[in-house]
Amino acid sequence: MAGGKRLVLQLLVLCMAAPAVRSGWLQGTATFYGGRDGSGTMGGACGYGNLMERGYGLTNAALSTVLFNDGASCGQCYLIICDQGRSKMCRPGTAITVSATNFCPPNYNLPNDNGGWCNPPRPHFDMSQPAWLNIGIYEAGIIPVVYQQVKCWREGGLRFTITGFNYFQLVLVTNMAGSGSIKSMSVKGTKTAWIAMSRNWGANWQSLAGLVGQCLSFAITSSGGQYIVFQDVIPAWWQFGQTYSTWQQFDN
């Protein structure tokens, strides 16, 4: 069912593509990195590590400063089309959806229109090479695009990876569908009330509480406004460095 929805969405987008930017579409640019196999895109400023294992794959991108939003955009999905009205180096009739997994840092030594592609206020996607080649011709190097944020589709439920020590827990949330990103998050142990967490970096959220030896629950509000409680998803015998999967998932 999810695959069918994605196909319909792709077809609708291709029908809508035109030189002029229509309502809901924004203009930007796109380059590529990470090599032909995309291996150089693993890791990154969102903290996902191995993107294949975390549910994001090779259809990923590093976002410029204005899009990355200090990590708040980690996990979001963007539908991207090469703008044929501004370039002859597009692959006609194609589109690609990428997940935000990294940050493309600015280079203030270069002008915005000649190498400083990720400088503010430019909306720019530095995509994995395999993803970029779906919409652009290799020799171009950089292409103009139109894009919009779209719903993310993932296999399975959310995953929580806990690192840290003693009274410091760093929780990495991965494989998030819907809006793909977190607006707010709280944690509750079997011996505590709900404790508000804060973003440490990327998709990593932190708490400063004594939670070792307790069963843990999480309450998450997505950037799309959906609220879900993940009740007792971490067993009391959890250990730092482990990942725990759930069956629950976001729709928006």
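**Reading the labels**

Guide: 4 strands make up an open sheet in the order β10-β9-β13-β14, with antiparallel pairing. The model is a predicted one, in which local features need pLDDT of at least 70 and side-chain atom pairs count only at pLDDT 80 or more, while totals for chains, interfaces and linings use all residues. Residues are numbered from 1 along each chain as its sequence is written, and side-chain values use heavy atoms, with hydrogens and water left out.

Visitor: What makes β10 and β14 edge strands?
Guide: β10 (195–196) and β14 (227–234) each pair on one side only, which is what places them at the edges. Strands here are DSSP runs (E, at least two residues; helices are H or I, at least four), numbered from the N terminus.

Visitor: How do you know that β9 and β13 are paired?
Guide: Two strands pair if DSSP finds at least two bridges between them, and 7 bridges join β9 (residues 182–189) to β13 (residues 216–222), so the antiparallel pair meets the definition. Within this pairing, S184 has T221 in β13 as its bridge partner.

Visitor: What makes the pair of W238 and F240 edge-to-face?
Guide: Their centres are 5.0 Å apart and their planes stand at 90°, so the pair falls in the edge-to-face class.

Visitor: Are W238 and F240 buried or partly exposed?
Guide: Buried means under 20% relative accessible area, exposed over 50%, and partly exposed in between (1.4 Å probe, protein chains only). W238, at 5%, therefore counts as buried, whereas F240, at 31%, is partly exposed.

Visitor: What links F160, F218, F230 and F250 into a cluster?
Guide: Ring pairs link these four residues, F160, F218, F230 and F250.

Visitor: How do you know that K151 lies over the face of W153?
Guide: A charge sits over a ring if NZ of Lys or CZ of Arg is within 6 Å of the ring centre and within 35 degrees of the ring normal. K151 lies over the face of W153 at 4.4 Å from the ring centre, so the distance is within the limit.

Visitor: What is noted about the backbone at D70 and N166?
Guide: D70 has a positive phi, near 55°, in a residue other than glycine, and is found in the loop between α3 (65–68) and β3 (77–82). N166, also not a glycine, has a positive phi of about 45° and is found in the loop between β7 (159–165) and β8 (168–174).

Visitor: Why are D70 and N166 called exposed?
Guide: The relative accessibility is 72% for D70 and 55% for N166, so each value passes the cut-off for exposed.

Conventions: Phe/Tyr/Trp six-rings, centres within 6.5 Å; stacked < 30°, edge-to-face > 60°.
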